[in-house]
Structure formats: C-alpha cells, structure tokens
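Here's a walk through one model, a few elements at a time. Have the sequence and the 3D view open as you read.

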Amino acid sequence: MTHRLFVRLSLLPLAVVVVAFFLLPMLQLIITGASGDLGLSAYAAILFEPRYRATLINTVLLAAATTVATLVIATISGLFLQRHRFFGRAILVAMLTFPLAFPGVVVGFMIILLAGRQGLIGDVTLLLLGEKLVFAYSIAGLFLGYLYFSIPRVILTIMAAVEKLDRSLEEAARALGARPWAIHRDVILPALAPAIVASGAIVFATAMGAFGTAFTLATNIDVLPMLIYTEFTLSANIAMAAALSVGLGLVAWAILALARSFSGNTIAAAG
Amino acid sequence: MGNRLSFLAQLALTLLVAAFLIVPAILSMLAGVTANYFRGIRSGLTLQWVMQVWELYADTIVRSFAVALITLAVTLIVGVPAAYALHVRGGRLARAVEEIITLPLAIPGLAIALALLLAYGGLSDFRRSSLFIVAGHVVFTLPFMVRSVIAVFALIDVKTLDESASSLGASAWRRFCDVIVPNAVPGILAGSLMVVTLSLGEFNLTWMLHTPLTKTLPVGLADSYASMRLEVASAYTLVFFVMIIPLLVAMQIFADRAGRQVALR
Amino acid sequence: MTSAHGVAVGVAACAKTFADGTCALEPITLDVTRGETLVFLGPSGCGKTTLLRIIAGLEQPDRGGRVLFNGADVTAIPIERRNVGMVFQSYALFPNMTVAENIGYGLKIRGIDRAERAQRVAELVALTGIEGLEQRRIDQLSGGQRQRVALARAVAARPSVLLLDEPLTALDAALRERLRFELDSLLRMLGITTIYVTHDQAEAMALGDRVVVMRKGAIAQVGTPREIYFVPANRFVAEFVGAANLLTARAVNGVLNLAGGKLVTADVNTAGDVVAMVRPESISVVAPEAASLSGQIERISFVGDRQRLTVRGTIERPLLVDAPNTLNLKIGERIGLAIDPHAVRVLPGERP
C-alpha cells in the first residue's frame, strides 16, 4: 500500500463520522429552521420579533457582564498567582481550577447551595440583617453561575500567558524609570491582550450557549438556550427552535473565529 | 507600603474567589454525608443518602461509564489515524478539516442535539439506544483527541521519524504500528483522559438526546436537583465528584510531566 | 582502504519547484562513481538538501528529471524500496526503541531473523564504538552517541548508497571536529557510495573525494577539494571555500599592476582587466625595500596558530595576509609582500 493511499484511508473513518453525525444533521437543522410557518424569515425573527429580541438582548447583556467581570477578576488573580510564590499557593491554584470540569448542572447546584432557599448566603444575611437573601433562581443567580464556570478557565489561560511574558521588557521599563502601575498599563497588559481577548471571547460564547446552569436554576429565566428548549419541548415549535439554534450557533462561532485571529490557535467553548 | 497593600488586596480578592468556588463544593460533599443538612453536622454523619443514590441511580452511573468508554473507543479508532493523516499531509486541506471537526465546540450542545434529533429521530431503534448518546459525545470530544495527538506529533517531529523509518524500508502500515503510535502514546493518553472526563460530565447534548431508559449521570443529577431532597442531591453530586476528581488530577499530573519534557528537550 | 561498495548514482536534469512556486533547484546533472564520497557544499537555501532528498526518494524531481542507480531508472521507486541508508540532521532515532532495536530496525523490516540481526547489530556497535549502550533509550544518549547510532542504523542493512544530511551540524564545535575525523575513517572503511550535505567548508574538504559547490539551486563548481580550493571557477566558490583576497587589476604580459606595486602571475599571456584571487596564507611577509609589492599594516589579529594582518595600500581594498605567529609586527609598519606566481588564480569569465 502506498503512503498516499494509507493517508487517505486514515481519514476515512473521520470523514464518515463527521459527515453522518455532524454535517448532515446540521444541514437538516438549517433546512428545518426555514420549514415552519414563517419560512426563511424565521431566521430574521430573532431580531424582529419583540419577544425573541428581548431574550436575545437579555442573553447578550448577561454574557457581556459575565465576560467583563470574569476578565477583571481572573486577570488580577492570575497575574497575582503567577508572579508571587508563597506558602499555600499551590493549594490556592488547585482550588481555583478544580471546578473546571463541572457541568452546568452541577454549577447550578453550587449556586443553589450558596444562594438558594437553604443557602449559605441566606443563612448569613438572616444572622446579620434579619432577612434571608435568596437570589439563586433569578438572573443574578445565573450570573453568579456563569462566573463560577468561567473564572477557572480564564485564570488558567492568563497564568499560562503570564508565564510566557518576556521579563526583560519589564526590566527595561523599570530601568527607564517606570513605576509598577505604568509597567502594568504599558507593558504587561498590552502583552497579555491577545490572551485576554481570546479568553473573553470564549467566556462570551460559552455564556451565550450555556444551558445546564439555567435549566437547573429555573425554567423561566429568559435566556436564549432556555427559549430554544421551551420552543422545542413545550411549544413543539420545532422550526423556530431550529432557526434559533442555528442563529445562536452562528453567533457563537463568529465570536470564536474573531478571537482566533487574536490568539492564533483553535479554542473552544464548552459548558 | 503601597506594594504590601496591593499584595494584600490581590490576595484578598483571590481568596474570596477561591472561597466562592470551593465552599459550595465542600458544602455539597458534606451535605451528602450529613443526616440532616438543615441541622448541620450536629445531626451526625451517615452513608444513608449515598446508599439511596445507589438504589435510585445506579443505572445512570453504570451507563455514564459505558457511554464514556464506548466514546473513547470510537474517538481512538477514528481520531488517531486521522490525526496522523492530517499532520503528515498538512496544508490547507488539513487546516480546513481541523476547522470542521472543531466546529462542534463552537456550537451550543443544544443545537447539535437538536440537529441529531431531526436527522435520526425517525430511526427509533437507534434513537432509543445509548448509542445515540454516544454519537453526540463522539462529535463533541473528537476534536480534543485529534488535537492532543497532533500536538504530540509536532513535539516529537513525527514527520522525520516517519521518513527515517521509510528510509529503512518500512511500509506505511508498518511505520504506523512500529513508530508513529508508540511515540504518540503521551498525546493519546492525554486525549483519552480528556474524552472520558468530558463525556462523564456532558449535559447539554445528553439532556436533549436521552430517554427515560437512557439516562446518564448528569441527567440524573438534574432530576435529583429538581425533585429530591438536598441531602440526596448532594450525595449524588458527591458520587460524581469521586468519579471525576481522580481524572482531573491525572490530567494535571500528565500536563505537568509533558511540560517538563518539553523543557528538557 | 577497502574496495568500493554500493551503486553508482546518476542525476539527470533533476529540477525542483515546490507547490508554492519557489524554485529550489535548477536542472542538475551529476554522476557519482561507485564507492565515492561526494559532498554537496553550499550556504542555506542553495538546494543541497533538496537534491539529497530527491536522490533518497523523499521528493520527486520535476517532470523530465531522473535518478539512476547503476544506470537503472529509480525515479518512480519510493524510498522504502530504494535500499538507501539515510542519516538525518536531527538523527530521527526512534524514542520508543532501545539503541539495539533502532540499529536492527531495517533488518527487522527485511525479515532477517533474530539471531542474525543480533550478530549484525553487534558488528555495527563495535564498528561505531558504542559498546555498552545497546540497551539504553535514546534520551539517555549524548549528541555524539546519537550520531553514531544514527550512522549504525543507516548502514546496518547494507544500503547501496549512504546519504548524510548535515550529520555534524547539531553538535558543538569541539565535538564536531573530533567526530569529523572518526566519520572520515568510518566512511573510508565502509567504502559505500556516500553523498554528504554540509554548509561547513572545512568538513566538506576533509571528507569529500569530490565536492559539489552549490549556489541558489545550481552547481557552481565540481572538483576535488584541492581543485576547488586552489583553482576556484568563479568568485563565489573562491570566497565560500576559504578566505580570499580578490583583486581587480590591469594585466600586461602576465603582470598585474596594483596600487602597491606589481604582481607576477604564472601565465605570461594574461592581459587586460582581470579579477584574480590570492589566499592569505600564500602571501609571505618580507622586507619592504626589496619587494615588488608593499603595503602598510592597518590591523593585527592574533588567532593563535597565526597572525592575520589587514594591509592597506597594496590594492584598492584591504589585503588579508596570514603571517607566522612568531613574527614581531606593529600596526602602521610598512611591509613587503612576496607571492608565488602560481598562487595567483585569475578567475576566468569574471569581469572586474
């Protein structure tokens, strides 16, 4: 068998699996999206139909807020952890990255334990303020949930990027008289910018498409994935659900493609 | 002085975040073995909730392992040769293929599940079996296996090894078995750990694809959060942690060792 | 010296243009005699490795090019069946096998049984001087040891031609020199047709029976080391293969008129504007009064085994002269220069 034939055969199983279980189904999805009462204009409904547009805006705002909060927290912590060595540092890093593999459902449960009816925060506020604060089942709870699975991911990425920083640039800035604040602003953060932007894009795309967390916290939180779910299962509006899914998929993919032009390698949303 | 203050402030923030992440996890682990969560540890430790979880959800635990292992087998058979072909061929085609297989990571699991349902929902035998779930998991985890193996190929300069083996007369299949795969083992192992971990924890896809007879552990978890008392839900979550944490630790050790090997080269 | 082994290799009009349009090789035609060690020498990008890979069978020449082993056309035969032995620049030893398994791999492929394999591996281990390392893994070997294992592996299955792609480049300078000597003895002992690629001119001349100097995908000169060194065909070869003073001057009856005096060449018929080359070591320092050529020392570099002088005023550029390390010279001193007419090489075809 020639080498070229061997290479081609090696790709065959992959081709079969990907076509059968991804490409064809996705095609089916796109076609179904246009097969409902609204036809092709179902795809525009996400922008024009007030109910859908409200959900879209909700989702985008939530994702944006999550992104900003995560980047700020994770950059500060990531820089701090990578640049300082102290007793207990390794344990702290392990604690911060431990939730990395939690599925959205489990994260939802964590939030319930923190801010639910029997939650820790509720108990503390009851002690201090006399009133139980319960917000797990609202958009605030969802926000917290998104932070929960976004921060570990971004911290790891930032720490890796900080490690690769060229220290001699900072030393040169110091030699020229720059104070720490200026060094952070002019040397460190610009150098970390690609990693920050790439991570931010992942957080945003993941938050847009996250389902498990919202599902666990309540079925009536108004975000796009929940809308798709209810359209499909409760309203049996399959075409609309399909159209919305394709729209969501496109948005997520576009954001990640943009981020890739900053970081140069393929990255993934998950959760 | 300013430095010290800044150090303490950053430390405080980091500790707060760490607490935010860890405390509920610890709470849930404790709740799983506490007789009564409302009264706390004072009510005593017990394994009754774990036992109850096993009675109610043993099938989901077993099924999750089965799905994960079958997914792993498929990604190995499909992904390792494909990674070799893509790496050796290079060029625009390889990049395009890598793009395509990575697409499922960009698209929300919900959408992929919907697509699978629309395409194969009609094949009722397939649709009602666990293999339907495996199909979804394979689509989602395949890029991790492929990328992991390609990464190790680049590290060990597999192209030159391939050429030198061919200069010694080995045919393509022979080279693959004697030289390519043995030297890709670190990447294959790392990819395998990743695939199993992801499969065990997958929810978004699986929730849409499952039937009452094909529930996996995360699907069971969602059930229990909605309908079971806190202690049972916590015990179930504890079981999940026990399954997943050794895998995470193994991946971390692997990543460290791989990092050190790179440094030595 | 053992008798010649291996095949005679012929390259007929082999050119190579890559998919992205870069032309790596102009059509090259070359013959390698059986048992000869031929060195491809040139700067990076000159196409020497591409040519080696075409002979090996790892690349195909453009249409019309052919590779011949003992006159038979092997162009269509892939490397697996050409029976070549190849040593790669990075050695490409298999990390998943021990040293002994690496060396025996080619024999294993050819179906040689275990006992015979072990014997042959032992032979090669003794030949390359790596006794005791047979069971080691690759990452436990030093650079020099790896090089020897790579060579043993390439030679184990008795290839028809041995191909070496910059085998010493990955090593540090001191080791390189020592291994060069050992490599030379080994190649002479094996007597296989060998093609060796390097960018190091000292290596090329030490190891090669003939040297092919390449530049930008084409052959600049083919010849024995001495021919290349003393009778370079053009400016590029003159400057690449050693330090060279290049002078442009008007020649009358074989005598060059220079700024600092006259220079007699070996050929009385040399006339007109010429470009000539003189190597620094061919110039002797003499008393200025009696010499036909003189100049002023501008700089002295004590290199250890000699002093390299930069002399002004002889020709339009500074002249490089190698003087004995014991000579007491000072900057600014005026010296005379004596050059053997036969050491002056007029470069044909070069216009000033």
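## A hairpin in chain C

Let's start with strand β9 (residues 210–215) of chain C and strand β10 (residues 218–223) of chain C, which pair in the antiparallel sense over 5 bridges. Pairing here takes at least two DSSP bridges between two strands. Strands are DSSP runs of E with at least two residues, helices are runs of H or I with at least four, and both are numbered from the N terminus. Across this pair, V211(C) stands opposite G223(C) in β10(C). The hairpin of β9(C) and β10(C) has 2 residues between the strands, and K216(C) takes a positive phi near 50° there.

## Ground rules

This is a predicted model, with local features needing pLDDT of at least 70 and side-chain atom pairs counting only at pLDDT 80 or more, while totals for chains, interfaces and linings use all residues. Residues are numbered from 1 along each chain as its sequence is written, chains are lettered from A and ligands numbered from 1 in the order in which they are written, and side-chain values use heavy atoms, with hydrogens and water left out.

## The open sheet of chain C

Elsewhere in chain C, 4 strands form an open sheet in the order β2-β1-β4-β5, with antiparallel pairing. β2 and β5 (72–73) of chain C stand at the edges with a single partner strand each, so one side of each is left without a neighbour in the sheet. Further in, strand β1 (residues 9–17) of chain C pairs with strand β4 (residues 66–69) of chain C in the antiparallel sense over 4 bridges. V11(C) has V67(C) in β4(C) as its bridge partner.

Helix α1 (residues 48–56) of chain C lies across β1, β2 and β4 of chain C, running at about 120° to β1(C). For such angles, axes are lines fitted to C-alpha atoms (for helices, over the stretch in contact), and the values run from 0 to 180 degrees between N-to-C directions.

A24(C) lies in strand β2 (residues 23–32) of chain C. Is A24(C) buried or exposed? At 15% relative accessibility, A24(C) counts as buried; the cut-offs are under 20% relative accessible area for buried, over 50% for exposed and partly exposed in between, using a 1.4 Å probe and protein chains only.

What does A24(C) touch, leaving aside its neighbours within four places in sequence? A24(C) is in contact with K16(C), F18(C), C46(C), G47(C), T50(C) and G217(C), where contact means heavy atoms within 4.5 Å. The C-alpha atoms of A24(C) and G45(C) are separated by 7.6 Å, although these two are 21 residues apart along the chain.

## β14 of chain C

Strand β14 (residues 272–278) of chain C is mostly covered, with 5 of its 7 residues buried. Strand β11 (residues 245–252) of chain C runs antiparallel to β14(C) and is joined to it by 7 bridges; L247(C) stands opposite A276(C) in β14(C). β14(C) also has 2 bridges to strand β20 (residues 345–346) of chain C, again antiparallel. In that pairing M277(C) has R345(C) in β20(C) as its bridge partner.

Now for chain A. Its secondary structure comes to 12 helices and 0 strands. The C-alpha trace spans about 75 × 65 × 35 Å along its principal axes, and 53% of the 271 residues of chain A count as buried. Take the contacts in chain A with a separation of 6 or more: residues 24 or more positions apart account for 67% of them.

Helix α3 (residues 50–83) of chain A packs against helix α9 (residues 180–209) of chain A at an angle of about 140°, with their axes 9 Å apart. That makes α3(A) oblique to α9(A); angles under 35 degrees count as roughly parallel, over 145 as roughly antiparallel, 65 to 115 as roughly perpendicular and the rest as oblique.

Chain A and chain C do not touch, and their nearest C-alpha atoms are 9 Å apart.

In chain B, S148(B) lies in helix α6 (residues 130–155). S148(B) is buried, with a relative accessible area of 17%. Not counting residues up to four places away in sequence, S148(B) touches G187(B), A190(B) and G191(B).
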